[in-house]
Amino acid sequence: MSGLGSARRQGDRSSPVVVSASAAFHRDLLAPTIREAVKGDGVYIVDRGGKRYLDGSSGSGPSCLGHSNAAVRAAMHAQLDQIAYAHTAFFTSGPMEELAENLCADAPDELSHVWFTNSGAEAADAALKLARQYFIDRGQPDRHIVIGRHGGYVGSTLAGLAAGGSERRRGPFKPLLPTNTAHIGPAYAYRGLREGETSEDFALRTARELEATIERVGPSRVSAFICETVVGSILGAVTAPEGYFREIRRICDRYGILLILDEVMCGMGRVGTKYAFTQEEICPDLVMIGKALAGGYAPLGAVLVSSAIHDAIRDKTGFFRHGHSFHGHTLACAAALAVQREIEQRDLASNVRRSGHLLDQLLHERFAEDPHVGDIRGRGLMQGIEIVADRSTKQNFDASLQIDTRLTEHALDLGLICYVSASSPESQVGDHVLLMPPYIVEPRHIEELVDKFGRALDRTLERKPS
Ligand SMILES: Cc1ncc(COP(=O)(O)O)c(C=O)c1O
């Protein structure tokens with residue numbers, strides 16, 4: 001017996017779970033209670049007390065079809081009645097084969113194969129190991145250094161934390177992290193664009209940090225550059241300036257380095273196209289995906305792999321020295337296949353572009369003159385808002401004010417889920433919010449989202465409703 005009491009208040013099944021009495025290890029151990037989700041209804045989540053929350057960030061991005069999609073549920077039920085899982089060492093499955101075909105069909109021809117994982121972070125590890133094995137199999141075993149970006153996130157495994165660029169998330173785990181990494185700065189125009197600098201020059205200057213870093217650590221020792229196509233949680237929906245990724249691709253090619261793009265958050269339609277990189281007019285060597293791949297109906301990630309990498313490994317070692325018990329899980333692949341078909345058949349990419357435009361417009365109308373909204377940015381249904389103490393100096397709020405925690409709570413009280421992150425001195429970013437509603441949103445949901453978010457911000461900043 002654990003000695004813990006009942007996590008729910010005696011006799012009141014509708015009250016929230018008491019964290020200190022719960023046997024589940026929750027994220028925030030000091031929070032008095034946590035809400036209990038019991039039902040999904042389109043873009044809403046319903047808690048045990050019957051309160052409805054508009055999912056304004058699809059959780060952290062996955063729930064692209066909302067929480068009760070009939071086609072996905074039917075596909076999963078049907079798969080479950082056939083077989084839920086068979087280990088990939090012994091079997092493949094129809095859903096895994098069809099999903100791989102679906103993902104490659106919409107990618108450039110170079111990306112010919114898909115390695116499945118259970119999460120986005122596992123996709124980072126798989127991509128880094130694929131890059132390493134590729135170079136060993138190509139007879140270049142010295143290539144092991146991975147260059148990432150400050151102000152970026154590619155997952156919370158040890159390799160992901162090392163290659164990503166969030167000091168806050170690395171913090172106490174630093175002594176455990178692999179040391180084969182180097183980092184360049186982000187292409188973060190709101191803070192990084194210099195006085196008088198054009199966007200083109202900014203793109204080239206920031207991209208060429210990669211070249212300088214490769215030269216510094218030794219060109220023959222670098223295996224890969226990894227970054228998010230659109231930066232998600234660490235900076236808040238930061239798109240690269242036009243031309244940045246073309247320059248990055250040129251540099252990678254020049255030094256024979258693999259380009260790994262992390263599209264775990266921005267891929268699978270979130271920014272209006274299945275792959276975000278197609279809007280940058282380049283093709284990476286490896287692409288990480290996850291989150292909206294299976295829409296939150298099952299945990300699933302994947303890495304799209306170029307034929308050059310696949311063939312080099314096939315022709316030398318003959319297999320990838322990696323794997324998990326559940327990778328390519330049949331039920332998860334069936335869910336993802338149904339999700340991707342639903343996005344295609346309902347042409348939800350068009351709705352993402354349309355709704356993203358409306359969201360951007362309403363955010364600008366509502367906050368254009370707000371002294372504490374420093375920047376509104378993003379693409380499609382991945383919009384970011386940076387909150388500052390002083391708009392003219394871009395000074396951040398003091399961390400002790402806990403804007404992020406309070407904004408999250410006020411939003412939840414008003415029935416809105418949005419993804420708020422704290423300011424960070426190392427990447428200079430202010431408190432910022434990701435608004436990423438499901439692809440099925442209607443204009444009335446966007447209006448509700450902006451209204452509730454505006455009211456939550458007013459309450460957080462303790463000002464009269466505007
Ligand atoms: C860009 C990016 N990469 C990787 C990950 C890690 O994905 P997961 O949480 O599924 O491990 C995330 C998750 O937030 C992400 O936003």
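In which loop does Lys394 lie? The residue belongs to the loop between β16 (382–387) and α12 (403–413). The model in which this placement is made is a predicted one.

Lys394 is a residue other than glycine, yet its phi is positive, with a value near 65°. Its relative accessibility is 32%, and Lys394 therefore counts as partly exposed, since that class lies between the limits of 20% and 50%.

A positive phi also occurs at Asp347, which is not a glycine and has a phi of about 45°. Asp347 is located in the loop that runs between α10 (330–345) and α11 (348–367). With 43% relative accessibility, Asp347 is classed as partly exposed.

## The ligand site

On the backbone side, an N or O atom of Gly120 is placed 2.8 Å from an oxygen atom of the ligand. Among the side chains, Lys291 has a polar atom 2.7 Å from a ligand oxygen atom, and an N or O atom in the side chain of Asp262 is 2.6 Å from a nitrogen atom of the ligand. The ligand taken alone exposes 390 Å², of which the protein buries 83%.

Is Leu176 buried or exposed? Leu176 is exposed, because its relative accessible area of 55% is over the 50% limit for that class.

## A buried strand position

Leu434 is part of strand β19, which covers residues 431–435. Its relative accessibility is 1%, so Leu434 counts as buried, the limit for that class being under 20%.

How far apart are Leu434 and Asp28 in sequence and in space? The two residues are separated by 406 residues in sequence, while their C-alpha atoms are 20 Å apart in space.

Note on methods. Residues are numbered from 1 along each chain as its sequence is written. This is a predicted model: local features need pLDDT of at least 70, side-chain atom pairs count only at pLDDT 80 or more; totals for chains, interfaces and linings use all residues. Side-chain values use heavy atoms; hydrogens and water are left out. A polar contact is a pair of N or O atoms within 3.5 Å; within protein, one must be able to donate a hydrogen and the other to accept it, and residues adjacent in sequence count only if both atoms are side-chain atoms. Accessible areas come from the Shrake-Rupley method with a 1.4 Å probe; for residues, only the protein chains shown count as cover. Buried means under 20% relative accessible area, exposed over 50%, partly exposed in between (1.4 Å probe, protein chains only). Helices (H or I, at least four residues) and strands (E, at least two) are DSSP runs, numbered from the N terminus.
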